[in-house]
Amino acid sequence: MSDRFDCHHCTESLLGKKFALKDDAAYCIPCYDGLFSNFCEECHKAIECSSKDLAYKGLHWHEGCFNCAKCGRSLVEKPFAAKDERLLCTECHASEHSSKCSQCGRTIMPGSRKMEFKGKFWHETCFVCQRCQKPIGTEPLISKENGNYCVPCFQKLFAHLCVSCKKEITTGGVNVRDQPWHRECFLCAGCKKPLSGQRFISKDERPYCVACFSNLFAEKCAACTQPITAFGGATFVSFEERQWHRNCFNCGKCGVSLVGQGFLTQRDGIFCRDCGLEA
């Protein structure tokens, strides 16, 4: 029985020497390093048997070479990230590739909650109402003039007050002659019917539907006694203290129109010249 214990590659005796095993075969240290050592991605030298070999996704480093590619700090037993074949500590990776907070300008670190609105990013604690400084979180917000506001603060700062009820108009308002109204407040001062989208007439800064205005304020035609309204242009004729609809201003006897014509009056009647002379 042989007492020899030789290197599997160079056949040098391993008795009393350090050796390494590979696939149940023994190798002297020089042969093992020459045959099986990996090469370091950083220094490109062999990672000898006496050195610690750190591996990541099929790549290898000396323990002393396993450092952040940007700041140079050791990554041994520390969290790290790989980007474009570079190893980065979490701080450097966040600085290079994470979003910056629109409020404080600092990096939003991975793992922390990030708020996004209109393509911009904030730390959760930085995403606050411009006025009250309370965190907005996922509550409704309104953006104006590069500032974000919670709905109550926006209404207090920017919402118009209704001419009628003096309360803020948030949605559904109407603007009438540069005055804001709630749609439900824009009513006829007479019959209280909604006027939004309807014809109306203002008197003493109060709106009226055509029917109420006509009944309450319009002059009455001396012929038909119906109200004379301003809609439709110059639709009436005035003489002394009486008014007529244009199509009612006719001779009281023959009915011919007197608009633009000479006429005669007798008591409460108006007549064309011919009929007036006959009367």
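The lining of the largest pocket in this predicted model has, by class, six nonpolar, eight polar and two charged residues, where Ala, Val, Leu, Ile, Met, Phe, Trp, Tyr, Cys and Pro count as nonpolar, Asp, Glu, Lys and Arg as charged, and the others, Gly among them, as polar. Since the model is predicted, local features need pLDDT of at least 70 and side-chain atom pairs count only at pLDDT 80 or more, while totals for chains, interfaces and linings use all residues. Residues are numbered from 1 along each chain as its sequence is written, and side-chain values use heavy atoms, with hydrogens and water left out.

A pocket here is an open set of points on a 1 Å grid over the protein atoms alone, where a 1.4 Å probe fits, with protein on both sides within 12 Å along at least five of seven lines, and its lining residues have an atom within 4 Å of a point. Of the 16 residues that line the largest pocket, Trp 122, Gln 130, Asn 146, Gly 147 and Asn 148 lie nearest its centre. At least two lining residues come from each of strand 8 (120-123) and strand 10 (147-150), strands being DSSP runs of E with at least two residues and helices runs of H or I with at least four, numbered from the N terminus.

Turning to another site, Ser 51 is found in the loop between helix 1 (29-36) and strand 3 (53-56). Why does Ser 51 count as partly exposed? Its relative accessibility is 31%, and partly exposed lies between buried, under 20%, and exposed, over 50%, with a 1.4 Å probe and protein chains only. From C-alpha to C-alpha, Ser 51 is 7.0 Å from His 62, and the two are eleven residues apart in sequence.
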